[in-house]
Amino acid sequence: MLTNYVEKVLAMLEVEVRRIMHDRTELYTRAVQPILWIGVFAPVMEKLRVVPIPNVTYMEFITPGVLVQSITFVSIFYGLTVIWERDLGVLNKLLVAPVSRSALVIGKALSAGVRGIFQSLIIILLAELLGVRIILNPFYLLLAAFLVVMFCAAFASLSIFIASLLKTRERFMGIGQAITMPLFFASNAIYPIALMPNWLKAVATVNPLSYAVEGLRALMITGDLATVPLDFLVSFIFVAITIVIASQTFNRIIE
Amino acid sequence: MNSVISVKNLVKVYDKVVRALNGISLEVQEGEIFGLLGPNGAGKTTLVRILTTQIPPTGGEAFILGKNIIEEADKVRELIGYVPQEISVMTDLTGYENMLFYSKLYDVPSSERKRRIENALNLVGLLDKANVVVKNYSGGMMRRLEIAQAIINYPKILFLDEPTIGLDPSGRKAIWSYLSQLMEEHEMTILMTTHYMDEADMVTDRLAIINFGKIVAVGTPSELKKSTKLESVTIVSKLHSNEVKKILSSLPFVKQVYDEEDGKGVTAYVENAEEAVVEIISLLKENSVNVESLSMNKPTLDDVFLAYAGTKLEETTSALEARKIRRTMQRMR
Ligand SMILES: Nc1ncnc2c1ncn2[C@@H]1O[C@H](COP(=O)(O)OP(=O)(O)OP(=O)(O)O)[C@@H](O)[C@H]1O
Ligand SMILES: [Mg+2]
């Protein structure tokens, strides 16, 4: 029963990997913006000396933040692809197959995770070339990958939930930007929380993005793992809640 | 006879106002090709979507091979195959990859996957295109791939929602020759929707005419055509049409006589044109009427539709259909 469930989720992930293999251009075009942040914005901002952590450049400081912003963007559009697949009939066919609704949602959510991993690899590689020193500890990197997958799955599920409310592509279009940009700026992605005015501090502390950034920053840049358990816990709660909500509302997309 | 699909008083109301199905009941027998014929918005797709467990009905119930479509949806899904109205292949993958994905979703054992996929692709004539990305397929090829996908689990019942929409006549013919081959190899029942009259006439064993969410007639194509009682005999002669009409009206089985619109000839409506024509000829001979030509007209499904739904199907659909085909084709890109 459970193996069957897992096999079907894996089949969906395999499709995602095959899709990425057939068309890699999207991975590259989506890497452009992060590289501008890391390669152009960061060197200029370096002069302000806002980074409180010793031996970490501003470029290194924002790399995890920019990475998280990029994968948020990738994931928040999964709901749109679900609407798109409904309009095409692909979704109808999935719903008729002997697969449970929650396996479909988890499959979609983890597909976002798969794409997020590929996207992260490209960004990390380019960041290295730009002079960012990433901690090359396989155990740390594995934990980082795990965090990336949880985070992408959470945003993809959130996106599926939004899709079940909006139902049409047109209405969904603007939503991606409207959600990701505020979350990005109201987080510790490109400046330390300590520098924020109080109201923004409050927002940043409840912003799940901050925890993903904090965790990745610890695992990839600083190596100081003190905050990592909390970062994982928050991300796990975030993904669990969003998956449950998305599974409950998934059927409404098709109605 | 075994009823494999049993539908009882099904009602579907969308958004609390759109009454898409208004009390549908029907039985589909094992091994037959059952057609649902109706104009745009009649509720064909809605019925198929309910029977394939995608959406719940607002009222009524339905059984697939004895399984309740709501309470036993999981079991129903294992028994059916489905081709949606929209083109539903994943265009960014190859044909083989599409098949592989569905073979996994449908629990085809890994040892059998390759063989079954190749068989199915071979059956629909796509084996040599298996490793081509589906984007590069034609509309007909995509449809054939979808059929191959839908039969990967050897379903007992295959639901086809407008399987040939947007295809040219040769594409349509190809689909049906593959499907009939399939039905020979596996015991299968097909429920299909269409609004192509000729197709419904040719391929279905029985069909239901559906209009405004209601079934207005059910039967074999020939039963339905007979039931309209619209067979006729048209006679062209030198004699004045009023004279001919008078002679024909004297026959007990002639229901009505009309002048042809072009003024050349008289048409008599009868129940059975083949039987009537013999008596008509002898009667005209007796009255020494010089017959120039004589023709028998059988009703078409168009006439059936006209008789039961009060409108001509072709007129109500042609413009809408053109738009729908265009939409389907756009989505495929
Ligand atoms: N998801 C939906 N929400 C609201 N109304 C719907 C929905 N789907 C269909 N309808 C409406 O229900 C009615 C029946 O639609 P349906 O798609 O079942 O017809 P159809 O016979 O398949 O038509 P077509 O030949 O165009 O495919 C139509 O009036 C349609 O507008
Ligand atoms: Mg339809």
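**Exercise 1. How much area is buried between chain B and chain A, and what part do carbon and sulfur atoms give?**

Solution. Putting chain B and chain A together buries about 2800 Å², with 57% from carbon and sulfur atoms; buried area is the accessible area (1.4 Å probe) lost by two parts on being put together, summed over both. This is a predicted model, in which local features need pLDDT of at least 70 and side-chain atom pairs pLDDT 80 or more, while totals for chains, interfaces and linings use all residues. Residues are numbered from 1 along each chain as its sequence is written, chains are lettered from A and ligands numbered from 1 in the order written, and side-chain values use heavy atoms, without hydrogens and water.

**Exercise 2. Find the salt bridges across the interface of chain B and chain A.**

Solution. Start with the rule: a side-chain nitrogen of Lys or Arg within 4 Å of a carboxyl oxygen of Asp or Glu. Five salt bridges turn up. One of them pairs E97(B) with R18(A), whose closest N and O atoms are 2.9 Å apart.

**Exercise 3. Which residues coordinate the magnesium ion (ligand 2), and are they buried or exposed?**

Solution. First, look for donors: N, O and S atoms within 2.8 Å of the metal (3.2 Å for Na, K and Ca), water not being among the atoms, so sites may look incomplete. T45(B), through OG1, and Q85(B), through OE1, coordinate the ion at 1.8 to 2.1 Å. Next, apply the cut-offs: buried is under 20% relative accessible area, exposed over 50%, partly exposed in between (1.4 Å probe, protein chains only). T45(B), at 25%, is therefore partly exposed, whereas Q85(B), at 13%, is buried.
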